[in-house]
Amino acid sequence: QRKKQMSFEGFLRYMNSKDCLIFKRDHTIVYQNMSYPLRDYFISSSHNTYLISDQLIGPSHLWGYSSALMKGCRCLEIDCWDGPQNEPIVYHGHTLTSKITFRTVIEVIDKYAFAVSDYPVVLSLENHCSPKQQEVMADYLETILGDKLLTTIIGDTFPTDLPSPELLKFKILIKNKKVGTLEETVLRRGLDSHGEIGEFLEEVEQSEDDETEESTLLPPKSPQIKRRNAIRRSPPLPRKKLKTKKIKLAMELSELVIYTKAEKFKSFEHSRANQKFYEMNSLGEVRARKLAKQTANEFVLHTANFITRIYPKGTRATSSNYNPQEFWNVGCQMVALNFQTPGLQMELQNGKFMDNGGCGYLLKPEFMRDSATQFNPYNVTGNHNPITLSIRLISGYQLPPSNLSRTNKADPLVQIEIHGVPEDQVKQQTCVIKSNALCPRWNETFTFNVQVPELALVRFVVEDQISLAANEFLGQYTLPLLCMNKGYRHVPLFSKLGDRLDPASLFVYIWYY
C-alpha cells in the first residue's frame with residue numbers, strides 16, 4: 001500500500017500465516033547435532049507394526065509398515081514364523097491375526113524406509129523361525145534391501161562405540177539375537193556361512209509377551225510385601241536355578257546383526273559388568289515401570305550407556321498404549337507404541353517427534369547422555385534450568401462442531417496440560433463458553449513452573465462440555481515446550497485420528513523465561 005501500512009485484512013492474514021504458528025520454524029528441519037552415538041537419541045519406535053487394529057484377531061497388513069514409516073518411525077517390529085513352502089510369515093503368533101509374507105514386508109520397507117527421513121531404520125525381529133527359514137529371511141534381507149542393509153562395521157578399525165545417525169544415513173540395521181561377538185563376525189567377513197547353525201543357551205524367565213509378576217527378581221521393599229509374596233508363591237527360586245533353553249540361529253542371519261544385538265536384560269549391575277556397546281535390551285512395560293520407580297537414577301545411567309527398548313505388556317489385547325513419557329523420563333531410546341491406536345499416548349509421541357524436522361531421532365538432553373549423571377526424574381535436584389511458562393489463551397476460531405450436542409453449537413473449554421517428569425505433570429482448564437464454537441473468547445492466563453523443560457510437552461485439548469460430568473473431545477495439539485515460539489501465536493488443531501482440522505485454531509500469547 002502507498003501508506004506503507006498493513007490493512008486490517010492483511011494483518012489478520014499475517015496472524016493466521018505460517019509466520020505466526022506456535023511451532024518454531026527452525027525446528028521443522030533437522031537442526032540437532034546428529035554425530036553422537038546412536039544411544040544418545042530418542043528414536044521413534046513402533047510395536048507389532050504389522051497390526052492395524054487389535055492384537056488377537058485383527059488384520060496384519062503391509063499398510064502398518066508404510067504408514068509407520070511415513071509418520072517418521074525408525075524402529076519397526078517384525079514377528080516372524082515358519083510359513084508354508086519355506087516362506088517365512090509375519091503375524092502375531094498363536095493368535096488369529098491374518099498372515100503376510102516376510103518377503104512382502106521387506107519389499108514395503110525397502111520402498112518407504114527413507115521417504116520422510118534419511119536416518120537409519122532398525123528392524124526389530126521377533127524371531128520364531130527354524131534355522132532353515134531364518135536363512136530364507138537373511139536371503140530376502142540381502143537381496144531386497146541391497147546396499148541399504150548394514151552388513152558389517154563402518155570403517156576399517158574395530159569400533160569401541162556405536163556409530164552416529166549421521167554415519168548410518170540410508171542404512172537399515174537388523175536387531176536380533178546373535179551367536180558370539182561382533183569381533184568374531186568381523187574376523188569371519190567374506191566367509192560363506194550358508195547352511196551353518198549356531199547354538200547358545202539362554203536363561204528363560206518368561207516369554208516376551210507374558211509380563212508376569214517378577215517379584216523374585218526384586219528385593220522386597222518392606223516386611224508386608226515379603227509376607228504377601230510368601231503367601232502367593234512357595235519359597236522363591238534362587239536366581240541361579242532358572243531354566244535354560246537352547247537357541248538355534250542360522251549363522252547367515254546372525255552375521256547380519258552388527259550394532260543392535262538383542263541381549264536379555266538381567267540387572268543393571270550385570271549390564272555394567274558385562275554388556276558390550278553393541279548389545280541392547282528390550283524390557284516389558286511392567287518390569288520397566290518397577291525399575292524406573294525403584295531405581296530411577298540407575299535406569300538413567302543404564303540408558304546413558306546402552307540402547308533400551310520398551311514394549312507394551314502382552315495383556316493389551318486391544319492394542320492400547322502405555323504413557324511413553326514415563327520411559328522417556330529415564331532415557332529409554334526406543335519406547336515402542338502401537339501406532340495404529342489413536343489417543344493421548346500417540347499424541348504425545350507425534351508431538352515429541354515433530355521436533356528436529358520429524359526425522360525420528362531426537363538428541364537426548366545432556367544430563368541423560370552423561371555416563372556419570374545424577375539425574376533422577378522422581379527427585380529433580382541440581383542445576384536444571386527451570387522455566388516459568390505463561391500462556392494467555394485469548395480465543396478460538398471455527399472450532400469443529402460437536403457430534404453430541406443437538407444444536408451443533410459446542411460449549412467449548414480448553415485444557416492445557418504439561419507432560420514431563422512427575423513434578424511437572426499438571427493440567428489447568430479455562431471456563432466454558434456457552435454455545436459458541438465460532439469464535440469463543442476466554443482471555444485467561446495460565447502460569448506453569450517447569451523444572452525440566454527439556455523433557456516437557458505441552459498439550460492443548462479443546463472439549464465440548466456436554467454435561468457437568470462429561471466432555472467430548474473436539475481437537476488437540478501437542479508440542480515440545482522448547483519448540484514453542486513466544487508472542488502472539490495460533491495453535492492448529494488435530495482430530496482424534498491425527499488429521500488437521502483446518503481452519504480450526506486457538507489464538508494465544510506465549511511467554512517463558
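**Close-up 1. Helices H2 and H3 cross in a right-handed way.** Right-handed here means the near helix is turned clockwise from the far one by less than a right angle. This is a predicted model, so local features need pLDDT of at least 70 and side-chain atom pairs count only at pLDDT 80 or more, while totals for chains, interfaces and linings use all residues. Residues are numbered from 1 along each chain as its sequence is written, and side-chain values use heavy atoms, leaving out hydrogens and water. The axes of H2 and H3 (lines fitted to C-alpha atoms over the stretch in contact) come within 9 Å and cross at roughly 20 degrees. H2 and H3 are therefore roughly parallel, a label for angles under 35 degrees. Tyr-65, Ser-66, Leu-69 and Met-70 of H2 touch Val-105, Val-108, Ile-109 and Tyr-112 of H3, with contact meaning heavy atoms within 4.5 Å.

**Close-up 2. Helix H3 also packs against helix H4.** H3 (residues 102-112) and H4 (residues 131-145) make an angle of about 30 degrees, with axes 10 Å apart. So H3 and H4 are roughly parallel too. On the H3 side, the contact includes Phe-102 and Ile-106; on the H4 side, Met-137 and Tyr-140 are among the residues involved.

**Close-up 3. The second largest pocket holds about 720 Å³ of space.** That volume is the space filled by probe spheres set on grid points. A pocket is an open set of points on a 1 Å grid, where a 1.4 Å probe fits, with protein on both sides within 12 Å along at least five of seven lines; lining residues have an atom within 4 Å of a point. Its lining has 37 residues, with Lys-71, Met-346, Asn-350, Leu-497 and Gly-498 nearest the centre.

Key. Axes are lines fitted to C-alpha atoms, for helices over the stretch in contact, and angles run from 0 to 180 degrees between N-to-C directions. Helices (H or I, at least four residues) and strands (E, at least two) are DSSP runs, numbered from the N terminus. Angles under 35 degrees count as roughly parallel, over 145 as roughly antiparallel, 65 to 115 as roughly perpendicular and the rest as oblique.
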